[in-house]
Amino acid sequence: MESGTLPGKAAKPAPDQNTTEPGAAPNMTTEPDNPKPKTTATATGTGAATGAAAAATPEPSTPESPTSGTAPDAGPPQSDAGMAGSGPAAGSGPAAVGGPVVEKGAGGEAEPPPVVLVVEPLLPQRLRRPSDALRFLATLLLLTGVVLLGLIAKQTLNGIEADVEVGTARAPGPLILAAAFVGGGAVLIIPVAFAVERVFHRDGLRVAEGLIAAIMAVLVSFGLGEWLVAAGPEDLRQLLTGDRTGVEPLNTLLTSVVAYITAVRIARRPTWRALMWVAIALDVFALFTGAAATALGVVASILVGLGIGFGTLYAIGSPNTRPPGSAMIASLRRLNFTPVKARRIEDDLQGSRRYAVGLADGRRVDVTLLDRDRQVSGLLYRLWRRMLLTSETRRRAIRSLRAELEREALMAYAAQAAGVSTPRLLGTSEVGTEAALLAYEHLETRALEDLPDDEITDEVLNEIWQQVSLLQAQRLAHRRLAGESIHLDAAGHVVLLDARSGEIAAGDLLLLLDIAQLLTCLALRVGAERSVRAAAAVLGPDALAGALPLLQRIALTRETRAALRHHKNLLSAIREQIVELKPRAEVAEVRLERWRPRTLVTIIGSALAAYILLSQLTRVNFVQVVTTAEWAWTGLALAASGISYVAAALMLKGFVPESLPLGRTVLVQFAGSFVKLVAPAAVSGVAINTRYLQKRGIPSGPAVASVGASQLIGLIFHISLLLFFAYVTGSTAAPSFTPSRGLLIALLAVAVSVLIVLSVPPLRRMITTRLRSLFSGVMPRLLDVLQSPRKIIEGSIGTLMLTLAFIVCLDACVRAFGGELDFAVVAVVFLAANAIGSAAPTPGGLGAVETSLSIGLTLSGLPSEVATSAVLLYRLLTFWLPVLPGWAAFTYLQRHEAI
């Protein structure tokens, strides 16, 4: 969770979070605000400056390789238009606008500003940047996706490969020779030239990093290539080499060159970058014309090289380009401050550096330094929250340095204008190109989380809510009302900190989320009753009732969610207190999650189903499946598929005491076949039938009960038919398929699975809750149906017809390709596969049904080619072909307000 600065928090020295040498002596730099060499002194002990500073000889550096502890070249005065605020300090003396403070000496000449001692830990020479780790992970994910896509679309990739080879072979001979000569030489000459240029600029360490990455790339590409040729997957080897001798799966030269240019960060030099990629493009063209590489091999080589380059950068670290405290002092002078001393204090919760700076007039300012390389810190968590939450609650996952600065400054100014008690923002400025600062007035405060319980009085709680009401009145959302953001000053008054996470012009949802967060945070300290009572006294019961649906763990900050693990019933207690104040308050939860766990399971299951289905389709010519099938059996299968919709309509009519028209009910079942494309099979039918009954004027309770009754009777028929056909199969089937023994094993496995599931309390509660909600009114509804023998006969016939129609359809599809299986065997295979498909979270059981039917038919003795063709034809007739008429029925019913 993001956190902002704590400008008013009591300062205490803290080591740099990125220091790689624990116990390093603090670094005290003196900065006269000029671009000449600086004087640096290092003191031992606790960080107090004792004795005179020893002069240190400055090390030469280049703009591309700044070293820690030396201030960047100040150069000409930089304009801070749009960023710098005004923070004049009384008695600060004359200052040049946009430039350093200068004073006139006796002779009228400008004198340099006084030396300012900055006490801070020694900055590390190198840093492991989170951005390099993220790029490494992103490259690995992209490489995995490319390989999987190549395996799935193997035939398409082979076609592209052939087209590329034909196209490049048609190029003029001189062009091919020139590309081979220029590209092959340039990919070696340009990296060498860049290395020489860096060495002349005393940046040999960067070249060494590139060489390490290149060596690692050679080893990795060679090792992976040997493994793929000797023992790797056959399909992958064929895609990477094209089954041609002498072709490397991963081109060693290409991989090492890409790793080298990545590790030396050639991307920061536009001219060198353009030359290098042109040379790589020419080399790849030459590889294609000589049939020395494949398309997937080239892409994989480049991605592996990028991954090794980024991995090397993260493992070795990059030069520290963070400006030291002396650069911060220079920027403060450009804001018309006159600092006389400064020291590093503890970082904020986001890892941003903070300094306590004393001014010449005796005042103090708290400075927050935003480093550019810290902007991606915590990116994975922010990305996860962005995907998880709805667009109304999520935050932007990636923000630039300027956007971060402007966001915090704007929120601070807005809170100040709203009259909220918060440290005043005195000014903002860039600090070179790698950082920016925000200067706040200093307030002596203590965080709420550090206060003992007896100091959190009702008056304190009341004042906290009054401050929040000021924010709410101006549509300002704080978004981080937690213990570390709520402080008390020396007089005991509340001060709100951490403006970086806030939002201006916030919507109602974000404002209510603030209330829910603060209610929970305070309840963790003073209990639900006091927290709600204090909030109601300031905001009123209506505001709390509005926040009631948002009292969810997902809506709270990370620290608050962690604390709730030890107070599992706290949210329920807060809800109860609010309901006592507002008995008619709406308690239905607002959906904040963009993706629920079951949605993610559905997505993953759909991806696996698509992979399985595509794998089957690559082995079967779909056109041949349709054209070689016997039309008589195909026609019978099509008729059986059509009858199933009439049977489903009779089944629904039989369990609804009210009268339903047969024709429109059949259209509803067709519409359900369209809904199957976006919902699991077991869900789509229930949802659309329930909606249909409600539109027919049947109340929601009886409508759900009627659909539940039909589902319950259908389940009973399904199990009964499975046992019946299994018994028949066990006594008459061929020796190669003995479902009677297999049925016993399957039943035992199901029984064990049920026991395991029911032994887990959360799963048991979930199942019982779902079943209770589905079948709570089933028995009374069945009693109503039993009063009409015609209805129960109609429902039973429809249920039986529905199952038999699908079995006949599958049996006809098997016989359409010359397969011979006993009808009872086909019935057992269908009933088992249908159960699996109904439980699968994929739309219409996609993938699960196909796999189950194919395996079942193959185990029954049917050749795998015939089984696959039969299953594909069956799914075409029962799942894909009804989609178009289902869409038409769905549109018609919606137009006539029937669903």
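1. Thr-312 touches Glu-209, Ile-212, Ala-213 and Gly-317, leaving aside residues up to four places away in sequence; contact here means heavy atoms within 4.5 Å. This is a predicted model, in which local features need pLDDT of at least 70, side-chain atom pairs count only at pLDDT 80 or more, and totals for chains, interfaces and linings use all residues. Residues are numbered from 1 along each chain as its sequence is written, and side-chain values use heavy atoms, with hydrogens and water left out.

2. Thr-312 belongs to helix α8, residues 295-316. Helices are DSSP runs of H or I with at least four residues, numbered from the N terminus. With 10% relative accessibility, Thr-312 counts as buried (buried is under 20% relative accessible area, exposed over 50%, partly exposed in between, with a 1.4 Å probe and protein chains only). The side chain of Thr-312 also reaches the backbone oxygen of Ile-308, at 2.7 Å.

3. There are eight aromatic pairs in the structure. Rings of Phe, Tyr and Trp (its six-membered ring) pair if their centres lie within 6.5 Å; planes under 30 degrees apart count as stacked, over 60 as edge-to-face and the rest as tilted. One of the pairs is Tyr-645 with Phe-670, which is stacked because the ring centres are 4.2 Å apart and the planes are at 10°. Tyr-645 is in helix α20 (residues 631-654) and Phe-670 in helix α21 (residues 662-675), so this pair ties together parts 25 residues apart in sequence. Tyr-645 is buried, at a relative accessible area of 8%.

4. Phe-879 and Trp-880 make an edge-to-face pair, because their ring centres are 4.7 Å apart and their planes are at 90°. Phe-879 is buried, with a relative accessible area of 4%, whereas Trp-880 is partly exposed at 40%. The charged end of Arg-875 sits over the ring of Phe-879, 4.6 Å from its centre; the criterion is NZ of Lys or CZ of Arg within 6 Å of the ring centre and within 35 degrees of the ring normal.

5. Arg-815 lies over the face of Trp-633, 5.8 Å from the ring centre. Elsewhere, Phe-724, Phe-725 and Phe-823 form one aromatic cluster.

6. Helix α21 has 14 residues and reaches 20 Å from its first C-alpha to its last, close to the 20 Å expected at 1.5 Å a residue. The expected span is 1.5 Å times one less than the number of residues. The buried residues of α21 are Thr-665, Val-666, Val-668, Gln-669, Ala-671, Gly-672, Ser-673 and Val-675.

Conventions. Helix = DSSP H or I, 4+ residues; strand = E, 2+ residues; numbered from the N terminus. Polar contact = N/O pair within 3.5 Å; in protein donor to acceptor, adjacent residues only side chain to side chain.
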